[in-house]
Amino acid sequence: MAGWWWENMRELRPLVHLLLPLCVHWVAEEMTVSVLVDVTTNALCPGNKTCSEAIYINGIQQTVVGIFKMIVLPLLGQLSDDYGRKPLLIVTVSTTIIPFTLLAIDQSRGSVYAYYGLRTISFIISQGSIFCISVAYAADVVDERKRAAAFSWITGLFSASHVVGNMLARFLPEDYIFVVSIALLIIVPVYMALFLKETVRPTEKPDHNVPCIKKATKIVKERYHSMKHAVDIVTSSSTLKRISSISFFYELGMSGISGVLLYYLKSLFGFNKNQLSEILMMVGVGSIFSQMLVLPLLNPLIGEKLILCMGLLASVAYGLLYGLAWASWVPYLSASFGVIYILVKPAVSNFSLASVY
């Protein structure tokens with residue numbers, strides 16, 4: 001067992017200079033999540049525990065980011081193929097620095113609005129693309145037989161970084177959180193520029209000298225045809241249609257909860273960044289535990305269908321307990337259901353793969 005572990009570590013050695021800065025970046029971003037609730041509420045609704053304006057802005061931000069990501073994500077992927085993984089990774093991880101610096105300097109109403117504008121642009125460029133380009137980088141440098149292990153390391157570090165980020169937010173004074181986060185965010189692109197090796201060799205392609213606008217238009221058209229093909233595949237399979245419907249309504253409900261949850265808990269129980277960080281930590285630790293231990297044990301025993309049903313029921317209980325919370329300890333109980341509902345996504349993925357192949 002020890003020999004197998006060391007062999008995997010040797011195979012993953014080329015990813016050290018990728019995984020280390022990624023981990024720092026995710027920690028720096030996550031440690032600001034809970035304190036942003038206090039900052040935005042105090043700026044937009046001074047003197048109030050509840051702030052509907054902040055909830056509306058968050059909703060608008062999520063909608064805009066979701067729409068533009070469909071176009072930007074494949075475009076950035078194509079650019080990373082043409083110009084290299086390293087420059088695209090450096091650009092995407094750098095987009096968070098300016099919005100957080102703005103809030104560290106000034107937390108007035110105008111600055112918060114400016115932050116949301118800049119952060120929306122940052123999300124469009126970086127959210128999802130960092131992970132996708134990192135996976136492509138790993139595929140470039142790791143042997144095909146070891147790629148699954150490399151991808152699992154990236155996913156595992158993503159979850160672990162969220163836990164560490166919330167832990168730092170829990171114990172650091174509020175005045176220092178943005179300062180520490182910005183320092184870590186600046187270190188990441190500098191480290192990548194110095195130590196990360198490029199994996200894409202420049203080659204002359206037929207469309208290499210094509211203007212960027214035409215190239216972007218081509219990518220959008222390809223994206224449209226790809227999405228149309230995906231729709232055809234889904235509609236041709238009764239199982240995929242059911243799974244797609246389940247996934248759509250699950251994500252719709254959970255994204256709605258996550259978008260307002262922290263503001264809801266602040267208005268209902270007066271939670272500050274310490275209590276919010278504790279709840280986020282519980283969800284993060286639970287997701288790591290369930291995906292690494294619970295899922296591998298349960299899957300051979302009861303199968304994906306029962307796991308999916310358990311996860312969906314747990315998500316219903318999760319939402320109901322938050323909605324009916326009658327005491328300050330109930331949100332902690334609700335967060336514990338994250339151990340189970342997090343299994344919905346891998347169960348859906350397994351069903352989808354089984355239906356396609």
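**Figure 1. Val91 in helix α5 of a predicted model.** Val91 counts as partly exposed, at 48% relative accessibility; buried means under 20% relative accessible area, exposed over 50%, and partly exposed in between, with a 1.4 Å probe and protein chains only. Val91 lies in helix α5. Helices (H or I, at least four residues) and strands (E, at least two) are DSSP runs, numbered from the N terminus. From C-alpha to C-alpha, Val91 and Ile125 are 8.8 Å apart in space and 34 residues apart in sequence. This is a predicted model, in which local features need pLDDT of at least 70 and side-chain atom pairs count only at pLDDT 80 or more, while totals for chains, interfaces and linings use all residues. Residues are numbered from 1 along each chain as its sequence is written, and side-chain values use heavy atoms, with hydrogens and water left out.

**Figure 2. Helix α5 against helix α10.** Two packed helices are described by the angle between their axes and the distance between the axes. The axes of α5 (residues 85–94) and α10 (residues 174–195) come within 9 Å and cross at roughly 170°. The α5 helix is therefore roughly antiparallel to α10. Axes are lines fitted to C-alpha atoms, for helices over the stretch in contact, and angles run from 0 to 180 degrees between N-to-C directions. Angles under 35 degrees count as roughly parallel, over 145 as roughly antiparallel, 65 to 115 as roughly perpendicular and the rest as oblique. On the α5 side, Lys86, Leu89, Ile90, Val93 and Ser94 meet Val188, Pro189, Met192 and Ala193 of α10. Contact means heavy atoms within 4.5 Å. The residues of this contact of α5 with α10 divide into seven nonpolar, one polar and one charged. Ala, Val, Leu, Ile, Met, Phe, Trp, Tyr, Cys and Pro count as nonpolar, Asp, Glu, Lys and Arg as charged, and the others, Gly among them, as polar.

**Figure 3. Helix α3 against helix α12.** Here the axes of α3 (residues 33–44) and α12 (residues 238–269) come within 10 Å, crossing at roughly 60°. That angle makes α3 oblique to α12. The crossing of α3 and α12 is right-handed; a crossing is left-handed if the near helix is turned anticlockwise from the far one by less than a right angle, and right-handed if clockwise. Val33, Leu36, Val37, Asp38, Thr40 and Thr41 in α3 meet Leu262, Tyr263 and Lys266 in α12. The contact of α3 with α12 has five nonpolar, two polar and two charged residues.

**Figure 4. The disulfide of Cys45 and Cys51.** The structure holds one disulfide, defined as a pair of cysteine sulfur atoms within 2.5 Å. The sulfur atoms of Cys45 and Cys51 are 2.2 Å apart. The torsion about their S-S bond is about 65°, so the disulfide is right-handed. Cys45 and Cys51 are both buried. Cys132 is partly exposed, with a relative accessible area of 41%, and Cys309 is partly exposed at 38%.

**Figure 5. Trp153 in helix α9.** Trp153 is placed in α9 (residues 147–171) and, at 35% relative accessibility, counts as partly exposed. Trp153 and Leu19 are 134 residues apart in sequence and 8.3 Å apart in space, C-alpha to C-alpha. In the protein, residues 24 or more positions apart account for 82% of the contacts with a separation of 6 or more.
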